[in-house]
Amino acid sequence: RIYALGGQNRANVWVRDKDSREMKVETQEYYEQMISVESLDPREGIWRPEPSMLRPRMFHSAVGSGNYLYALGGCGVDCSPLGVVERLDVRNGKWERVSEMIVNRTFLSSVIVPY
């Protein structure tokens, strides 16, 4: 499976129309961090929703190892660098906090190196 997790998306907000005074949804020019996760089965070509991460993040890194998908660092809700590492157990669909990195990081890369 291929996973897409977190990131950013344009925010939709409710605003009051100046003339009619009715409420309507409008896309704003700012972005919000996402908490959602989805996966693609390349054989079927179908995206499916997966359990959401424990916290929203963008500009993070993700790697898969064994039955786990890890989300590392990134930018939190207030856009400050994160040090939190969490993982999804793909067998049971549960996220858990793993640890805190030594240094908070954003715009990072990660790789699995077998030993």
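1. A residue is called buried under 20% relative accessible area, exposed over 50%, and partly exposed in between, with a 1.4 Å probe and protein chains only. The model is predicted, so that local features need pLDDT of at least 70 and side-chain atom pairs count only at pLDDT 80 or more, whereas totals for chains, interfaces and linings use all residues. Residues are numbered from 1 along each chain as its sequence is written, and side-chain values use heavy atoms, with hydrogens and water left out.

2. Rings of Phe, Tyr and Trp (its six-membered ring) pair if their centres lie within 6.5 Å, and planes under 30 degrees apart count as stacked, over 60 as edge-to-face and the rest as tilted; the count by this rule is 2 aromatic pairs. Phe 59 and Phe 107 form a stacked pair, with 4.3 Å centre to centre and 20° between the planes. This pair links distant parts of the chain, 48 residues apart: Phe 59 is in the loop between strand S5 (46-50) and strand S6 (61-65), and Phe 107 in the segment after strand S9 (94-105), where strands are DSSP runs (E, at least two residues) numbered from the N terminus. Phe 107 counts as exposed because its relative accessibility is 61%, while Phe 59, at 29%, counts as partly exposed.

3. Tyr 68 and Tyr 70 form a tilted pair, at 6.2 Å centre to centre and 50° between the planes. Tyr 70 is buried at 18% relative accessible area, whereas Tyr 68 is partly exposed at 22% relative accessibility.

How values were computed
Helices (H or I, at least four residues) and strands (E, at least two) are DSSP runs, numbered from the N terminus.
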